[in-house]
Structures are given as C-alpha cells and as structure tokens.
Amino acid sequence: MQTSQERISDLRPTILIVDDEKGVRQSFKMLLQDNYEIFTAENGREALKVFSTKSINLVLLDILMPDMSGIDVLKKIKEAGNGVEVVMVTAVSDIKIGVEAMKLGAYDYITKPFEINNVLAVVKRAIEKQSLLMEVKYLKHEIERYHEFENIVGKNKKMIELYKLIDKVSPTDSTVLILGESGTGKELVARAIHKRSLRAEKPFIAIGCAAIPEGLLECELFGAEKGAFTGAYSLKIGKFELAHRGTIFLDEVDCLSLSLQAKLLRVLQEKEAVRVGGSRSIKTDVRIVASSNKDLKKEVEAGNFREDLFYRLNVIPITLPPLRERKDDIPLLVTHFLNEYNKTMNKQIQGFSKEVIDAFIKYDWPGNIRELKNIIERIVVLVDKKIVSMHNLPIDVIMHIKVPINELPLREAQFEFERQYLLKIMEKTRWNKTRAAKALGIHRNTLLLKLNQLGLKRPQ
C-alpha cells in the first residue's frame with residue numbers, strides 16, 4: 001500500500017532520461033529527482049518501451065546512441081501525438097543535429113558537458129509549456145460550451161443555507177453529490193464550489209453523462225489511444241486528464257452504465273485512469289462533484305446504480321430547492337436574466353409590469369430556473385417595448401400560466417399566436433425556409449411574406 005508521500009510523489013511531473021552513458025543518466029537523475037519523478041533508459045528501444053507503459057511529461061534524449069538514434073526515437077514520440085516535450089542532449093560538435101531535431105518537434109537541446117542552471121531552466125520551461133498546452137485545451141473546451149450565468153441569484157432562506165454549505169465544503173477535497181430537479185442550477189453550484197476551492201486556478205471540466213452516447217462516453221471521460229477503435233485517427237485526451245489538479249463535474253451521473261460506474265469507481269479509489277485501447281495508468285489528481293435529479297438510493301435498490309459508488313459519491317450531499325419553493329426569488333431572477341439578455345442582444349427593455357411578475361409568481365415552474373431563463377430570453381428576442389406587459393407575453397405562455405387574457409384583443413391574440421407558431425417551426429427546421437414551408441403546407445414565397453409581416457428574423 002502506498003504512503004501519502006509516495007502518492008504525492010506520483011503526481012509530480014515525470015521525466016524520462018535516455019542516454020547510453022550510465023554516468024550521464026545518473027547525473028541528470030541526481031540533479032532532477034528532488035522535483036520530478038525520474039525514469040531512465042539506456043537505449044532507444046528501451047526508451048520507447050518505458051514511454052508506452054508510463055505517463056511521461058518530458059524526455060531528455062541523447063542524439064547519438066548505438067542501436068537507434070535519438071532522431072528516430074524523437075520521430076516515434078512525436079508520432080504518438082500526446083504532447084510530450086522532448087529536449088535533445090548533444091555534444092558541442094553535433095549542434096547542427098540538435099537544431100534539425102527542433103525542426104522535427106524537439107522543444108530545445110542541451111550540450112555536453114551541460115551546465116546545471118541551464119538544464120534546470122530548460123526542463124522547467126518545457127514542463128511549464130506542456131502544462132500551458134493542457135490549460136489551452138481546457139480553455140478551448142470552456143469557450144465551446146454554452147455560456148451559463150455567472151452568479152447564483154437568490155435571498156430565500158433555503159438559498160442562504162445553501163450559500164453557507166457551499167462555503168463550508170468548498171475548501172475541502174471531499175467528493176460532493178448535488179441533488180435536485182432538472183433546471184435547479186446544479187452545475188452553477190458545482191462551479192461555485194470550484195471557484196471557492198484551493199483548486200480554483202486549475203480547470204473545471206463539466207460533462208453531461210446523459211448527453212453523450214455510452215459508446216463515446218468512456219472516451220470522453222478517460223481518453224483513447226490512437227487506433228483504439230475505428231475512427232480514432234489521433235490520440236484523445238480524456239476529461240480526467242484535462243481536469244488534472246482541478247475539478248470534474250459529472251452531471252446526471254445516474255445515466256452511467258454499470259460498466260462505466262465500475263471504471264469510475266476505480267478512478268476514485270486508485271486515482272488513476274487508463275485510456276481506451278491503452279495499457280498505462282495515468283495519475284489523476286481530480287476533485288469529483290457529481291449531480292443527479294433522481295433518488296440514487298432508490299436507483300441502488302433497483303439495481304441501476306452501484307451501492308459502493310453511491311457511498312463514494314455521497315460524501316457531502318447538497319440538495320437544491322425547486323423554484324416553486326423559493327418564489328420570492330423570482331423577481332430577482334427575472335431582473336438578472338433581463339439584464340443578461342439586454343446586454344447580449346443589445347436591447348434596452350427596462351422591466352416587467354406588476355401583472356407579469358404576479359403571473360410568474362403564480363406559476364409553478366416545472367422546468368425550474370432553466371424554464372424561467374428560456375422564457376425571459378424569448379421575451380427579449382420578441383419584444384421591442386420598454387416595459388413588458390401581459391400583451392407582450394407569448395400566447396402559449398399566458399395560457400400555460402393560466403392568467404386572465406380577456407383584456408387581450410382577438411386580432412392581437414391571433415397575431416401573437418401565429419407569430420409564436422411560425423417561430424417554433426423556424427427554430428425546429430433551423431431556419432431552413434424550404435423545409436419550414438413544406439412543414440406548414442404553404443408555398444415558400446408565402447412563408448417569406450409571413451415572416452416579413454410578423455417581423456421574424458433569424459437570430460444572429
């Protein structure tokens with residue numbers, strides 16, 4: 001069994017030293033072993049064997065070796081495409097070869113006899129570069145995901161209790177299980193926990209377990225080696241690798257298959273993952289935050305969820321209240337979303353009439369905050385007035401909320417109904433006018449005329 005010190009050591013950056021001279025290998029090892037985990041190889045073939053079985057961050061590679069040149073080893077490493085940095089080690093007389101190696105993808109070169117400070121500086125820069133590339137991948141992932149609002153909004157008593165609980169659990173590394181109905185803001189709470197944690201400067205990676213087909217989900221979580229399956233043309237870095245030293249949020253964790261649950265349990269227990277098609281274990285220092293809108297105890301009883309995984313995840317449970325239990329927060333949420341969409345859509349709607357707010361408060365919001373947010377977005381898209389009144393609400397919303405509509409003129413009601421109906425069809429067909437006209441049973445030119453009359457344009 002590993003000691004805590006050994007586990008900490010395992011999480012240090014790893015360096016593979018490749019040189020046919022034992023003295024050189026030992027010199028590099030003595031110089032670097034205090035800050036890095038060191039592996040050594042005395043020739044190219046041994047180096048590639050170590051490289052294929054260990055998770056390596058940096059390779060110090062001698063150029064001139066008897067069985068296989070450093071250039072050939074460099075090419076093999078770069079073909080793997082996993083972002084490992086390589087620093088060539090060469091004699092002064094072979095500097096030209098070192099420069100050629102950099103053209104093939106080497107990060108830098110060091111000349112023999114080497115200077116201690118120069119070696120430490122080059123190694124430090126190479127490791128920092130690799131770490132930066134991982135963060136760039138993470139940022140790219142974040143940019144591509146749908147933008148969520150930044151702050152939790154609410155002053156309801158249950159929300160105040162929630163804030164206090166978040167403040168208590170955030171500084172720890174304990175696993176958190178967030179429970180609540182769909183649309184209550186589980187990911188928002190997960191992000192708040194991460195931002196207040198000691199891992200705040202490292203990645204937060206969210207993955208929707210229900211949104212990804214089971215066949216692809218294992219690759220998303222743990223990564224896949226090049227050629228692991230048909231279509232795997234390059235190495236895929238898994239979310240657990242991308243989230244190293246940060247937080248990974250497993251949304252709707254109950255949607256994992258039993259086989260994936262077993263693999264997730266192993267990651268939680270061993271703190272290491274294996275890519276699909278791979279054999280080497282990759283160390284993962286990741287905090288787990290999971291969520292579910294189901295009663296996981298009942299799922300365990302039904303045989304749909306592993307009991308051992310449930311107890312691993314349910315260290316600190318947090319339950320979010322549905323919007324119907326915190327209706328006093330609705331005016332705050334409405335204002336928050338209105339300001340957000342005014343800004344993103346360059347609109348200047350000032351607010352909602354008292355009748356609209358009262359109608360919102362009467363409604364039970366089965367879709368919770370997400371449903372409210374979507375309705376506000378829809379209103380901001382369609383309304384051009386300063387104050388939103390009952391007349392400006394979509395007809396289906398008015399009927400859904402079940403408020404009196406006798407003050408709405410028939411012609412205006414017909415106009416709004418037709419507008420909303422056409423908008424739904426256009427959204428469903430992704431604004432393909434030919435498909436929309438066919439679905440409506442009208443000529444394409446008639447549809448164009450209707451869209452112009454109703455003031456409907458494809459959102460930018």
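How exposed is Arg324? Arg324 comes out as partly exposed, with 36% relative accessibility; on this scale buried means under 20% relative accessible area, exposed means over 50%, and partly exposed is what falls in between (1.4 Å probe, protein chains only).

## What you're looking at

Before going further, a word on the model. It is predicted, so local features need pLDDT of at least 70 and side-chain atom pairs count only at pLDDT 80 or more, while totals for chains, interfaces and linings use all residues. Residues are numbered from 1 along each chain as its sequence is written, and side-chain values use heavy atoms, with hydrogens and water left out.

Now the overall picture. The protein chain has 20 helices and 16 strands; these are DSSP runs numbered from the N terminus, with helices (H or I) needing at least four residues and strands (E) at least two. Of its 460 residues, 47% count as buried. Take the contacts (heavy atoms within 4.5 Å) with a separation of 6 or more: residues 24 or more positions apart account for 68% of them. The accessible surface comes to about 24,500 Å², and carbon and sulfur atoms hold 52% of that; such areas come from the Shrake-Rupley method with a 1.4 Å probe, and for residues only the protein chains shown count as cover.

## A five-strand sheet

Let's start with an open sheet of 5 strands, ordered S2-S1-S3-S4-S5 with parallel pairing. Strands S2 (37-41) and S5 are the edges, each pairing on one side only. From one strand to the next, the twist averages 20 degrees. For two strands to pair, DSSP has to find at least two bridges between them.

Strand S4 (residues 85-91) and S5 are joined in the parallel sense over 5 bridges, and Ala91 stands opposite Lys112 in S5. Across S4 and S5 lies helix H5 (residues 95-103), running at about 160 degrees to S5. That angle is taken between N-to-C directions on a scale from 0 to 180 degrees, using axes that are lines fitted to C-alpha atoms, for helices over the stretch in contact.

## Lys112 and its partners

Keep an eye on Lys112, which is buried with a relative accessible area of 19%. Side chains of opposite charge can pair when their charged atoms come close. The whole structure holds 28 salt bridges (a side-chain nitrogen of Lys or Arg within 4 Å of a carboxyl oxygen of Asp or Glu). In one of them, Lys112 meets Glu21 at 3.7 Å, N to O. Glu21 sits in the loop between strand S1 (14-18) and helix H2 (22-32) and Lys112 in strand S5 (residues 108-112), so this pair ties together parts that are 91 residues apart in sequence. Glu21 is partly exposed, at 43% relative accessibility.

Lys112 also forms a salt bridge with Asp62, at 3.5 Å, N to O. Asp62 belongs to strand S3 (residues 58-62), so here the parts tied together are 50 residues apart in sequence. Both Asp62 and Lys112 are buried.

## Arg324 again

Back to the residue we opened with. Arg324 forms a salt bridge with Glu181, and their closest N and O atoms are 2.5 Å apart. Glu181 is in the loop between strand S6 (176-179) and helix H8 (186-195), and Arg324 is in the loop between strand S14 (316-319) and helix H14 (330-345), so the pair links parts that are 143 residues apart in sequence. Glu181 is partly exposed too, with a relative accessible area of 29%. As for salt bridges that share partners, they join Asp19, Glu21, Asp62 and Lys112 into one network.

Strand S10 (residues 247-251) is mostly covered, with 5 of its 5 residues buried. Thr247, Phe249 and Asp251 point one way, while Ile248 and Leu250 point the other way. S10 runs parallel to strand S7 (residues 204-208), joined by 5 bridges, and parallel to strand S13 (residues 287-292), joined by 4 bridges. Leu250 has Ile207 standing opposite and Ala290 as its bridge partner in S13.

Helix H2 has Val24, Arg25, Phe28, Leu31 and Leu32 as its buried residues. Seen down the axis, they fall within an arc of 135 degrees, so they line one face of the helix; the arc is that of the directions from the helix axis to the C-beta atoms. On the face turned away from the buried side, H2 carries the exposed residues Lys22 and Met30.
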